[in-house]
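Keep the viewer open as you read.

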Amino acid sequence: MKRPHTLVVNLNDSRCGACGQSADPSELTHATRLGYQPGAGCGERYVFVTTDYSDTGGLYDRVRAMRPDLTAEFLSTEDPPPSPAEEKVVDLMAALEESVNEAKAERDRHLAARAEDPPGGTQ
Ligand SMILES: [Zn+2]
């Protein structure tokens with residue numbers, strides 16, 4: 001959906017509502033396109049700021065605080081996906097860390113077993 005003159009700020013990216021390309025959320029106009037193909041933006045002048053997410057964890061206030069120079073306009077007619085709660089992100093990080101540690105422990109056990117019982121067998 002095209003949103004002229006709108007800077008769309010999300011949790012892990014931001015984009016220009018006019019052209020849909022990624023944007024630097026600190027710029028006054030869409031001067032820079034970020035991402036895997038960085039370059040010049042479309043030059044759209046931002047008047048509004050919004051986000052794709054619902055107001056979870058004070059997100060709307062944070063977006064407003066980020067760009068007090070812009071008029072904050074949040075979706076009310078659509079049903080945006082909820083943003084992940086911060087505790088959930090922490091849980092995910094912990095789970096990831098745990099699985100990495102488990103994989104390391106598994107590898108260490110495997111290496112230790114091989115050291116005790118070298119390939120080729122005992123003589
Ligand atoms: Zn643009």
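## The core

The largest nonpolar core is made of nine residues: Leu7, Val8, Val9, Cys16, Ala18, Ala23, Tyr46, Val49 and Val63. Strand β1 (residues 6–9) gives the largest share of this core, three residues. A nonpolar core here is a set of buried Ala, Val, Leu, Ile, Met, Phe, Trp, Tyr and Cys residues joined through C-beta atoms within 7 Å. Buried takes 20 or more other C-beta atoms within 10 Å of a residue's own, exposed means 12 or fewer, and partly exposed is in between, with C-beta atoms placed from the backbone. In soluble globular proteins, nonpolar side chains tend to be buried together.

Before going further, note that this is a predicted model, where local features need pLDDT of at least 70, side-chain atom pairs count only at pLDDT 80 or more, and totals for chains, interfaces and linings use all residues. Residues are numbered from 1 along each chain as its sequence is written.

## The chain overall

Two helices and six strands make up the secondary structure, and along the sequence they run β-β-β-β-β-α-β-α. Helices (H or I, at least four residues) and strands (E, at least two) are DSSP runs, numbered from the N terminus.

Of the 123 residues in the chain, 16% are buried. As for contacts (C-beta atoms, placed from the backbone, within 7 Å), take those between residues at least 6 apart in sequence: 41% of them join residues at least 24 apart.

## The sheet

Four strands form an open sheet with mixed pairing, in the order β2-β1-β5-β6. Its edge strands are β2 (14–16) and β6 (71–72), each pairing on one side only. Strands count as paired if DSSP finds at least two bridges between them.

Go across it strand by strand. β1 and β2 pair in the antiparallel sense over three bridges, and a hairpin of four residues joins them; across that pairing, valine 9 stands opposite serine 14 in β2. On to β5: β1 pairs with it in the parallel sense over three bridges, and leucine 7 has valine 49 as its bridge partner there. Finally, β5 (residues 48–50) pairs with β6, also in the parallel sense, over two bridges, with phenylalanine 48 opposite threonine 71.

Setting aside neighbours within four places in sequence, valine 8 is in contact with Arg3, Ser14, Arg15, Gly17, Thr50, Thr51 and Asp52.

Most residues other than glycine have a negative phi, and most peptide bonds are trans. Histidine 5 counts as partly exposed because 17 other C-beta atoms lie within 10 Å.

## Threonine 51

Is threonine 51 buried or exposed? It counts as buried, because it has 23 C-beta neighbours inside 10 Å. Threonine 51 lies in the loop between β5 and α1 (59–66).

Beyond its neighbours within four places in sequence, threonine 51 is in contact with Val8, Val9, Asn10, Leu59, Val63 and Phe74. Its C-alpha atom is separated by 9.7 Å from that of threonine 6, 45 residues apart along the chain.

Note on methods
Contact = placed C-beta atoms within 7 Å.
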